[in-house]
Amino acid sequence: MDFENSFEEQRAQDSEFELDLLIQTIFHRYQYDFSGYSRASLKRRLIRACEIRGCASFSQLQHTILHDTPPFDSLLDIITVRVSDLFRDPHYFKAFRELVVPQLRTYPSINLWVAGCATGEEAISLAIILREEGLESRSTVYATDINANVLKQAKRGVYTFEQIKNFSENYLAAGGTHSLSDYYTTGYNAAKMNRDLLDRIVFSEHNLVSDGSFAEMQFISCRNVLIYFGVELQARAIALFEESLCRRGFLGLGSKESLQRVPQNQRFVCLDQTQKLYQKGGVVDHGRV
Amino acid sequence: MAEYEVVVVGASAGALDALQRWLPLLPATFPSAIVIVVHLLPGHASMLAELLQKNCPLQVKEADDKEPLLAGTVYCAAPNYHLLIESDGHLNYSVDDPVRGSRPSIDVLFSSAADALREKVIGVVLTGANDDGAKGLQKIVREGGRAFVQYPAEAHASAMPLAALGACPEATVVPLAQLAEVLEQVTQPAKNKHQIEKPV
C-alpha cells in the first residue's frame, strides 16, 4: 500500500480532524501531550508512524493505540527523535568558547543543561570544550530528553566511523585545540567516546512540556527543539529556562530560533545574533556585577 | 482578504538565474506572500535572500521560525532546514531527515501549504534536475489551489518541470518571461479577473 497516497487522497480537513483525535488519544493513553507542538511537522511525523505501523489513516493508528495498546517507545521515537552531530554548527561552539566560557570561569561551580539532547552529541561537545578550557573538574553537564531510548543510546556514546569523520571537521572548525581522536577509542567499525568524558554528563528524562526546573544553571543550550513547538509552548520552555538560569546566565538556541516571539524577549540580551547566544538580564544588571 | 494567500515556489539547478528573471517584474502591491525553497548546500550561510532582493520591489528575506506570512513579502528557506506553513498562516522550520536527499524539500513546503491553506495556494515549479515538487504540486491542485510550471524547454534543467507536469497535468505551463504577469493576474481580486479563468 502506498501510504503517502492514501493520505493524499483524503481531504485535508478530514485528516486534520482525525489528527486532533489521535493527539488526544496519545495523551489519554500515554500522558504525553503533543497538542502544543507545531502541527505541520507533527503531522508529517505521525504520517510516518502510520506508515511504519501499517495504518492507512490516523484513525487506524488511533484504533491500535486504544485497543492493542502497543508499547509507546517506538511511537515516541518516530514523533520526537532528531539526529545531530558532534559540534553541529561549529561556529556556535566557537562563539560559546569565546563569549560564554570566559564568564563561566568566574563561577566556583558550573552547571550546564542541554535540553532536548537526543543522542548526546551536543552534551559531549560541551564536555570536550570544558575539558580543553580547564573547567571540567567544577562543571556538570545535564543532558535531558523526553525519550528514554535516545538517552540509553547517548549514554553509550558510540558513533559510526562515517559520523566521526564529519565530527572531526566540525571539531576543528569549532576551535578545538587537540584532535577529536583524543576523546574516543575505535573498534568494530565504530568509535566509542571515552568513559571519563561520558561520566561528566548526567543524562536524565525531562519533558519541556510538563516538567519543571531542577537545578540552577549557568548555561542552557536548547537547539532545534523549540522549532517543533507552537508559540505558547515555546514561551513555556523559555520561562522554564529563565527560571533555571542564574542571574546573568546564558542561553543558546538553534540558528533559526530566537526569542523574538516570546514574552520574555525583553529580559534577555542577545550576545550573538547569528549564533543565537543570549544572556539573562544582561542589560538590566549592567554595572552591578 | 486576497484570493490566494501564498505562492510557494520550488527551484533547484539553475534556480538563482531563474528567480532573478521574474521576481523583479512583480509589482510592489503584489497581494500574496511568496515562499521559496531552493536546494542549497548545507553548512553554508545563504546569500539567496540578499541576491534576490536586488532589483526586486518586494521585500525578500530568509524566513524566521514562527514568522507570520505577510502579503507582498518574499520568504526564502534557510539551508539545511525544511520550511513548512501552518494553518494559522505562519512559517515553521524542522530538522527532520532530508526527503529523498533534499533539505529543504519542495514537496514538504508544498504539501504543508496545501494542508494549511488549501485552495488559497498557488504552487510554482521551476528549473531543476530532480523530481522534487511534483507530488507537492499535485496535492496543491487536489486541495483546490493552482499550479504553474516553467516551460520545460527553456529551463536550465528540465527534469523538475517535466516531473511536475507528469504528476500534475492540470498545471499551466508558463515561460519565465510571463510568470510575473500571470501571477499578478491570477492573484487579482475576483472583479478584475477576466483574462485567466480557473480550470474547473
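# Briefing on a two-chain model

An open sheet of 7 strands in chain A has the order 6-2-1-7-8-10-9, and its pairing is mixed. Its edge strands, strand 6 (201–205) and strand 9 (268–272) of chain A, each pair on one side only. From one strand to the next, the twist averages 20 degrees. The structure is a predicted model, with scores of ipTM 0.88 and pTM 0.90.

**Confidence**

- The average pLDDT of chain A is 90, and 93% of its residues score at least 70.
- Residues 284–289 of chain A stay under 50 in pLDDT, and the model has 2 contacts beyond four places in sequence for them.
- The average pLDDT of chain B is 91, with 92% of the residues at 70 or above.

**Chain A: the sheet and a helix across it**

- Strand 1 (residues 110–115) and strand 2 (residues 139–145) of chain A run parallel and are joined by 6 bridges.
- Within this pairing, Val114(A) has Ala143(A) of strand 2 as its bridge partner.
- Helix 6 (residues 90–104) of chain A lies across strand 1, strand 7 (217–222), strand 8 (245–253), strand 9 and strand 10 (277–280) of chain A.
- The angle between helix 6 and strand 10 of chain A is about 25 degrees.

**Chain A: two residues with positive phi**

- Asp89(A) is not a glycine, yet its phi is positive, near 55 degrees.
- Asp89(A) sits in the loop between helix 5 (73–80) and helix 6 of chain A.
- Asp89(A) counts as buried because it has 23 C-beta neighbours inside 10 Å, and the cut-off for buried is 20 or more.
- Ala118(A), also a residue other than glycine, has a positive phi near 50 degrees.
- The loop that holds Ala118(A) runs between strand 1 and helix 7 (121–132) of chain A.
- Ala118(A) is buried, because 23 other C-beta atoms lie within 10 Å.

**Where the chains meet**

- The contact between the chains involves 18 residues of chain A and 22 residues of chain B.
- On the side of chain A that touches chain B, helix 3 (residues 39–53) of chain A gives the most, with 5 residues.
- By class, this side of chain A has 8 charged, 5 polar and 5 nonpolar residues.

**Chain B: the annotated active site**

- The UniProt annotation "active site", from an unreviewed entry, covers Ser12(B), His39(B) and Asp132(B).
- These residues span 121 residues in sequence, but no two of their C-alpha atoms are more than 9.6 Å apart, so they gather at one spot.
- Ser12(B) lies in the loop between strand 1 (6–11) and helix 1 (15–22) of chain B.
- Ser12(B) is buried, because it has 25 C-beta neighbours inside 10 Å.
- Leaving out residues up to four places away in sequence, Ser12(B) touches several residues, among them His39(B), Asp132(B), Gly128(B) and Met160(B).
- His39(B) belongs to the loop between strand 2 (33–38) and helix 2 (48–53) of chain B.
- His39(B) is buried as well, because 22 other C-beta atoms are within 10 Å.
- Apart from its neighbours within four places in sequence, His39(B) is in contact with Ser12(B) and Ser102(B).

**Chain B: strand pairing**

- Strand 2 and strand 4 (residues 73–76) of chain B run parallel, joined by 3 bridges.
- In this pair, Ile36(B) has Cys76(B) of strand 4 as its bridge partner.
- Strand 4 of chain B also pairs with strand 3 (residues 59–62) of chain B, in the parallel sense and over 4 bridges.
- Here Gln59(B) stands opposite Thr73(B) of strand 4.

- The peptide bond between Arg103(B) and Pro104(B) is cis, with omega about 5 degrees.
- Pro104(B) lies in the loop between strand 6 (91–94) and helix 3 (106–117) of chain B.

Conventions:
Residues are numbered from 1 along each chain as its sequence is written. Chains are lettered from A and ligands numbered from 1 in the order in which they are written. This is a predicted model: local features need pLDDT of at least 70, side-chain atom pairs count only at pLDDT 80 or more; totals for chains, interfaces and linings use all residues. UniProt positions are given in the numbering used here, feature names are shortened, and annotations may be inferred rather than shown by experiment. Helices (H or I, at least four residues) and strands (E, at least two) are DSSP runs, numbered from the N terminus. A residue is buried if 20 or more other C-beta atoms lie within 10 Å of its own, exposed if 12 or fewer, and partly exposed in between; C-beta atoms are placed from the backbone. Two residues are in contact if their C-beta atoms, placed from the backbone, lie within 7 Å. Two strands pair if DSSP finds at least two bridges between them. Ala, Val, Leu, Ile, Met, Phe, Trp, Tyr, Cys and Pro count as nonpolar, Asp, Glu, Lys and Arg as charged, and the others, Gly among them, as polar. pLDDT is the predictor's confidence in each residue, from 0 to 100. Axes are lines fitted to C-alpha atoms, for helices over the stretch in contact, and angles run from 0 to 180 degrees between N-to-C directions.
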